[in-house]
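This report goes through one protein model, from its overall make-up to single residues. Please keep the sequence and the structure in view while reading.

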Amino acid sequence: MTRLLNLFNAKGAKAPIIDQNLSQNEKSSRLAALSIDERAAYKWLYEGYSEPWTMETLGLKKNAAKRLFRSVYRKLGVENQRGLIQHYALQELEFM
């Protein structure tokens, strides 16, 4: 979580606003629906690593990575990495 907050501070942005529309149970069930590969991608994206870095780390080709990221975003109900961080930050803090 420290890396995430450092990224926001370095770019002069405010910490993400948590979406209160989804209950914690809904967020938990969406996270539980991720496959093993999707969970690995989620972990890196949530930590603030870029999509290209995550793609390289997971050893994926560009098209496979795009499909994987789209699948993660779709299952979690977000449009991009920033949305993923904003909507799931509180969920992760509860497990720490």
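## Order of the elements

Read from the N terminus, the elements of the protein follow the order α-α-α-α-α-α. The protein has six helices and zero strands. The model is a predicted one.

Of the 96 residues in the protein, 31% are buried. Among contacts between residues at least 6 apart in sequence, 65% link residues at least 24 apart.

Helix 4 covers residues 51-58, and S50 caps its N-terminal end. A side-chain oxygen of S50 is 3.1 Å from the backbone nitrogen of W53. After helix 4 comes G59, which has a positive phi, near 70°.

## Helix 4 against helix 5

Helix 5 is made of residues 62-76. Helix 4 packs with helix 5 at an angle of about 115°, and their axes are 10 Å apart. Angles of 65 to 115 degrees count as roughly perpendicular, and the two helices are therefore roughly perpendicular to each other. The crossing of helix 4 with helix 5 is right-handed.

Which residues of helix 4 and helix 5 meet? From helix 4 they are E51, T54, M55 and L58, and from helix 5 they are K62, A65, L68, F69 and Y73. By class, the residues of this contact between helix 4 and helix 5 are six nonpolar, one polar and two charged.

An α-helix has 3.6 residues a turn, so residues three or four places apart point the same way.

## Helix 3 against helix 5

Helix 3 holds residues 36-46. The axes of helix 3 and helix 5 come within 10 Å, and they cross at roughly 85°. This angle makes helix 3 roughly perpendicular to helix 5.

On the helix 3 side, the contact is made by D37, E38, A41, Y42 and L45. On the helix 5 side, it is made by L68, F69, S71, V72, Y73, K75 and L76. Sorted by class, the contact of helix 3 with helix 5 has eight nonpolar, one polar and three charged residues.

L68, F69 and Y73 of helix 5 are among the residues that meet helix 4, and L68, F69 and Y73 are also among those that touch helix 3.

## Helix 3 against helix 4

How do helix 3 and helix 4 lie, and at what angle do their axes cross? The axes come within 10 Å and cross at roughly 140°. Helix 3 is therefore oblique to helix 4. Helix 3 passes helix 4 in a crossing that is right-handed.

Helix 3 contributes A40, A41, W44 and L45 to the contact, while helix 4 contributes E51, W53, T54, T57 and L58. Six of the residues in this contact of helix 3 with helix 4 are nonpolar, two are polar and one is charged. W53, listed here on the helix 4 side, is the residue whose backbone nitrogen lies 3.1 Å from the side-chain oxygen of S50.

## Residues in helix 6

Helix 6 spans residues 81-95, and Q81 lies in it. Is Q81 buried or exposed? Q81 has a relative accessibility of 17% and so counts as buried, since buried means under 20%. Apart from its neighbours within four places in sequence, Q81 contacts L45, G48, Y49, S50, E51 and Y73. One of these, S50, is the residue that caps helix 4.

G83 is also in helix 6. Its relative accessibility is 8%, so G83 counts as buried. The C-alpha atoms of G83 and Y73 are 8.5 Å apart, and the two residues are 10 apart in sequence.

## A residue in helix 2

Helix 2 consists of residues 24-32 and includes S29. With 40% relative accessibility, S29 counts as partly exposed. Along the chain, S29 and L76 are 47 residues apart, and their C-alpha atoms are separated by 9.4 Å.

Definitions and conventions
Residues numbered from 1 in each chain as written. Predicted model: local features only at pLDDT ≥ 70, side-chain atom pairs only at ≥ 80, totals over all residues. Heavy atoms only, no water. Polar contact = N/O pair within 3.5 Å; in protein donor to acceptor, adjacent residues only side chain to side chain. Helix = DSSP H or I, 4+ residues; strand = E, 2+ residues; numbered from the N terminus. Axes fitted to C-alpha atoms, helices over the stretch in contact; angles between N-to-C directions. Parallel < 35°, antiparallel > 145°, perpendicular 65-115°, else oblique. Left-handed = near helix turned anticlockwise from the far one by under 90°. Contact = heavy atoms within 4.5 Å. Nonpolar A, V, L, I, M, F, W, Y, C, P; charged D, E, K, R; others polar. Buried < 20%, exposed > 50% of the residue type's maximum accessible area, 1.4 Å probe, protein only.
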